[in-house]
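Trainee: I would like to learn how to read a model of this kind, feature by feature. Please take the general idea first and the case second.

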Amino acid sequence: MTLEFTLATARDALRARRISARELTEAHLAAIDALEPELHAFITVTPEQALAQADAADAALGRGEGGPLTGLPVAIKDLFCTKGVRTTAASRILEPFVPPYESTVTANMLRDGAVFLGKTNLDEFAMGSSTTTSAFGATINPWQRRGANTQLVPGGSSGGSAAAVAAGMALASTGTDTGGSIRQPASFCGIVGMKPTYGRCSRFGVVAFASSLDQPGPFARTVEDTAILLGSMAGHDPKDSTSVNRPVPDYAAACRRGVRGLRIGIPREYHSDGMPAEIEALWTQGIAWLREAGAEIVDVSLPHTKYGLATYYIVAPAEASSNLARYDGVRFGLRVPANDLTDLYEETRAAGFGAEVRRRILIGTYVLSAGYYDAYYLKAQKVRALILRDFTDAFERVDALLTPTAPSAAFALGEKNDDPVQMYLNDVFTVPASIAGVPGISVPAGVDGDGLPLGLQVIGRHFDEETVFAVGSVLEQAAEFSAKPAIRMEAGR
Amino acid sequence: MSSASAALDPAAVRRIARLARIRLADEDVAQLQSELGAILGWIEQLNEVDVSGVDPLASVGSATLTMREDVVTDGDQTEAVLANAPAHSGPFYTVPKVVE
């Protein structure tokens, strides 16, 4: 029954007492039990905590009380610190870490009554596009190519969160997006994923990867559901100096605005030579849908698009090498005993970090090191300024941009593992918005010839999530996306 | 930039790893040399971009730093702070002896 509900319909059913939070939570825990051996979407499942939270929600609902998320079972990316519940970042180096505090985003969700089912799998420290770099094993995409049972990746880094929602193991989930880590897995798993404006959600208590890019955001099966969840996640937090003190709008209401009179930009640089015809065709279809719904379509240019990835792969590793310096084997996490302090640092970090994290720390260390700082890091920061200017200029002419989310559908486990740069190319369409800090959403809009889902991305102005939700909702209604993943929870399974 | 990555010889790989405090096994050096070299070579496409007169951008955040009262907001958390320590002695983290 878990796939029959959305966050919104489950909320209504709970308030009308047609279903109890305990029944809803038990159904999701049963789905996790049934599907987890195949999908491995979770690192830690917390059934006792979930049922206790569900009972508290039922008691509150019985008194006619309750917040926006009361009794709704959701999953949390294992990058958010959860008080008393192990938080690993999918890394050996944090394997034993039990946070003594709660991240602000998850605290906001608990304030609003959410039920936490557990902590979802991710690429180690959110560094990856496939959820295969997790120290706890890969997550498998619930979708399969028609007539084949090849295991596919769910995208990444928030692949566990996306797979759990797609398969019906959670109504919604949290992710984080640094260069595409919400939008690309949403596209690969046929669900909706939203990266808000940098500063919209607090980063306090989120294990840091690249602090000038990291931003928490929601996954769900409908645009409205992501709007509901973002409404709870967002808000000013004095504990994060980059979180912005401005009111949180009614995002769910914005989903009903429509696009009549909006100007939608189509960035010509996103037409790439190697783009599959099916994705190009879906993009053209998306343009037609928005035009039919009353939007004006405008050709725009973001001239520095092609330099987004290279810029990202300087800035993000540089910040990561600095952020991950804290894992020293002294204060928390893994320690490899040694006779000398330097040996302790070096042996602990050699044993604790996986190959991709090590690569990025080394790249970051190199581009920040004496003699190379100006040539790499300073140069990248200047190109970053040009990429931001591209968006600022475009948004003087248009209200939002429409692009594909990813250059391909989900690929097979083990594909693209040999060449780091090939893996990085997954984020070619999502990285520019991250670099500029603007909000973006991926909405499932169609399937490819193998029956795999493909997403379209809507990008908006800083702090104009409302227009992004409005445009995303129109695409969702026009696409009538109804395909279902092969591995999912259904009555009778 | 091109001369920079060309200089990524095995000694450079070891030097970077040393700066990052990550021990490398001898057999990892050659592979990292080729992987890091490939990534740095790919990054060099930024040489094409004219950035003259452009100020570097460190962050796109629009939050303004605000003042708060200069008062203690937290404390007496020794137990919570040490709860995840791999080793401690009383209220102190312990490490291998650093001073002879």
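Mentor: What follows goes through the core, the helix packing, the chain interface and some backbone details.

Trainee: What kind of model is this, and how are its parts numbered?

Mentor: This is a predicted model, in which local features need pLDDT of at least 70 and side-chain atom pairs count only at pLDDT 80 or more, while totals for chains, interfaces and linings use all residues. Residues are numbered from 1 along each chain as its sequence is written, chains are lettered from A and ligands numbered from 1 in the order in which they are written, and side-chain values use heavy atoms, with hydrogens and water left out.

Trainee: Which residues touch the most other members of the largest nonpolar core?

Mentor: In soluble globular proteins, nonpolar side chains tend to be buried together. A nonpolar core is a set of buried Ala, Val, Leu, Ile, Met, Phe, Trp, Tyr and Cys residues joined through side-chain atoms within 4.5 Å. Buried means under 20% relative accessible area, exposed over 50%, and partly exposed in between (1.4 Å probe, protein chains only). Here the largest core has 188 residues, and M109(A), F125(A), F391(A) and L402(A) touch the most other members. Helix α13 of chain A, residues 373-394, supplies the largest share of this core, 10 residues. Helices (H or I, at least four residues) and strands (E, at least two) are DSSP runs, numbered from the N terminus.

Trainee: What does M109(A) contact beyond its neighbours within four places in sequence?

Mentor: Contact means heavy atoms within 4.5 Å. On that basis M109(A) is in contact with L69(A), V74(A), I76(A), A114(A), F116(A), T174(A), L229(A) and M233(A), leaving aside neighbours within four places in sequence.

Trainee: How should I read a pair of packed helices?

Mentor: Two packed helices are described by the angle between their axes and the distance between the axes. Axes are lines fitted to C-alpha atoms, for helices over the stretch in contact, and angles run from 0 to 180 degrees between N-to-C directions. Take helix α1 (residues 7-15) and helix α7 (residues 223-233) of chain A: their axes come within 8 Å and cross at roughly 70°. That makes α1(A) roughly perpendicular to α7(A); angles under 35 degrees count as roughly parallel, over 145 as roughly antiparallel, 65 to 115 as roughly perpendicular and the rest as oblique. The contact of α1(A) with α7(A) has four nonpolar, no polar and three charged residues. For these classes, Ala, Val, Leu, Ile, Met, Phe, Trp, Tyr, Cys and Pro count as nonpolar, Asp, Glu, Lys and Arg as charged, and the others, Gly among them, as polar. From α1(A), L7(A), A8(A) and R11(A) meet E224(A), D225(A), I228(A) and L229(A) of α7(A).

Trainee: At what angle do α12(A) and α13(A) cross?

Mentor: The axes of helix α12 (residues 355-368) of chain A and α13(A) cross at roughly 105° and come within 7 Å. That makes α12(A) roughly perpendicular to α13(A). This contact has six nonpolar, no polar and no charged residues. On the α12(A) side, Y366(A), V367(A) and L368(A) meet Y373(A), Y376(A) and Y377(A) in α13(A).

Trainee: How many residues of α5(A) are buried?

Mentor: Nine of the nine residues of helix α5 (residues 159-167) of chain A are buried, so α5(A) is largely enclosed by the rest of the structure. After α5(A) comes G168(A), with a positive phi near 85°.

Trainee: How much area do chain A and chain B bury between them?

Mentor: Buried area is the accessible area (1.4 Å probe) that two parts lose on being put together, summed over both. Chain A and chain B bury about 5,300 Å², 69% of it on carbon and sulfur atoms. In chain A, E346(A), R358(A) and L362(A) lose the most area to chain B, together 13% of what that side buries. The contact involves 68 residues of chain A and 53 residues of chain B.

Trainee: What does P56(B) touch?

Mentor: P56(B) touches L378(A), Q381(A) and K382(A), not counting residues up to four places away in sequence. P56(B) sits in the loop between α3 (26-43) and α4 (78-82) of chain B, and is partly exposed, with a relative accessible area of 39%.

Trainee: Which peptide bond is cis?

Mentor: A cis peptide bond joins G156(A) and S157(A), with omega about 15°.
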